[in-house]
Amino acid sequence: MSESLESMIEGWDGLGVVSSYHAATGSWIFVALHDDKLGRPTGGCRLKQYDSPAAALWDAMRLAEGMTWKWAAMDFHYGGGKSVLAVPGPLEGAARRSLFTRFGEILNGLNGAYGVGEDLGTTPEDMAFLATVTPHVAGTGRGGPPPDPGPFTAAGVHEGILAAVEHVDGTRDMRGKTVLVQGAGDVGGPLAHLLARSGARVLVCDLDSGRARAVANACGGEIIDPAAVYDTPCDVYAPCAIGATVNERTIPGLRCRIIAGSANNQLEVAGDAERVRARGILYAPDYVINGGGAMAFGLMENGVGDSDELIRRVRSIGGTLADIFRDADARGTTSVDSAHALALKALGRT
């Protein structure tokens with residue numbers, strides 16, 4: 001990452017960025033607010049190590065923009081925002097609580113301009129603690145700590161995979177289909193179980209071999225070495241960990257028919273959408289298929305509390321994707337272009 005903080009902010013079309021340095025833990029805090037046309041910027045908090053503060057800011061800004069598209073594609077009245085806690089190494093106990101206390105104080109200073117939830121590297125326990133510092137944690141409106149968004153996201157991804165398989169094969173029957181789940185964490189783990197119950201053969205990959213083994217054993221799946229992911233034959237490749245795994249280097253070797261997973265920013269650059277299409281691979285736009293957790297929390301904020309009803313509403317993601325796939329075929333364009341057209345309509349930019 002050669003760009004400076006200043007040059008990245010100068011070139012960004014978002015509303016603005018809030019930054020802070022937490023000296024007690026040596027961590028940088030970034031809150032990126034991208035768009036508020038549909039409502040308050042709302043999105044998860046990511047915690048991880050970065051090569052530089054600039055890399056962390058870049059991640060926050062691109063994730064915030066992704067949230068704008070995600071909310072718009074669902075036609076929910078929230079805007080695009082995201083936060084990043086760039087830590088120097090693993091943080092636990094008092095140090096972790098100290099960082100989240102500082103983060104909560106920043107959110108209080110924003111006075112509700114940004115609503116936060118869980119994301120990669122943060123946990124339901126983190127959000128429960130954060131909710132004791134600030135009222136601006138999504139999902140706390142029902143009383144008590146916010147629920148885990150992972151199972152809701154997994155339900156949406158599962159429905160999206162079924163929609164993609166139906167588009168390609170004319171049936172939602174997963175028997176005889178192989179799905180490679182890359183990342184067996186808070187979303188990939190529940191997704192593997194849903195896929196197994198649907199009759200799919202599940203391949204599980206995770207950098208944490210113990211976690212991969214536990215999920216594979218629990219759902220009757222098989223373990224795949226991380227080094228073999230991109231050339232393993234499968235019907236569906238489901239990236240559920242880090243982003244940018246679909247890129248100019250990996251696309252030529254992919255041996256799947258569908259890409260459909262929960263990771264944010266799965267395409268490294270915009271041109272990767274056309275590269276995937278040229279290979280005859282159907283891509284489920286990430287900000288559509290992974291919107292289940294955000295959708296569930298948005299519904300909770302608006303008074304929907306029944307779990308079965310939340311899951312039913314989340315599964316509407318499959319219908320949205322089916323429309324996007326049909327539109328892309330009809331117009332001879334990528335699924336990403338069709339998803340953007342849907343989001344732009346909600347944003348009133350067309």
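Modeller: A residue is called buried if its relative accessible area is under 20%, exposed if over 50%, and partly exposed in between, with a 1.4 Å probe and protein chains only. Strands (E, at least two residues) and helices (H or I, at least four) are DSSP runs numbered from the N terminus. This is a predicted model, in which local features need pLDDT of at least 70 and side-chain atom pairs count only at pLDDT 80 or more, while totals for chains, interfaces and linings use all residues. Residues are numbered from 1 along each chain as its sequence is written, and side-chain values use heavy atoms, with hydrogens and water left out.

Biologist: What makes both faces of β6 covered?

Modeller: Thr-178, Leu-180 and Gln-182 on one side are buried, as are Val-179 and Val-181 on the other. For the strand, residues 178-182, this gives 5 buried residues of 5.

Biologist: Which strands are joined to β6 by bridges?

Modeller: Two strands pair if DSSP finds at least two bridges between them. β6 has 5 bridges to β7 (residues 201-205), and the two run parallel; here Gln-182 has Cys-205 as its bridge partner. The open sheet has 6 strands in the order β8-β7-β6-β9-β10-β11, with parallel pairing. Because β8 (222-223) and β11 (282-283) each have a single partner strand, they stand at the edges, and one side of each is left without a neighbour in the sheet.

Biologist: Why is the unit of β6, α6 and β7 called right-handed?

Modeller: The term applies if, with the strands pointing away from the viewer, the path from the first strand over the helix to the second runs clockwise. The β-α-β unit made by β6, helix α6 (residues 188-197) and β7 is right-handed.

Biologist: How do you know that Cys-256 is in no disulfide?

Modeller: A disulfide is a pair of cysteine sulfur atoms within 2.5 Å. By this rule the count is 0. For Cys-240, the nearest cysteine sulfur belongs to Cys-205 and is 11 Å away, so Cys-240 is in no disulfide. For Cys-256, the nearest is that of Cys-234, at 5.1 Å, and Cys-256 is therefore in none either. Cys-256 counts as buried because its relative accessibility is 9%, and Cys-240 is buried at 12%.

Biologist: What makes a space a cavity or a pocket?

Modeller: On a 1 Å grid over the protein atoms alone, a cavity is a set of points where a 1.4 Å probe fits but cannot get out; a pocket is an open set with protein on both sides within 12 Å along at least five of seven lines, and lining residues have an atom within 4 Å of a point. The search finds 1 cavity of 30 Å³ or more. Its lining includes Gly-117, Met-127 and Phe-297. The second largest pocket holds about 590 Å³ and is lined by 29 residues; α2 gives the largest share, 9 residues.

Technical notes:
Grid points are joined across faces, edges and corners, and a volume is the space filled by probe spheres set on the points.
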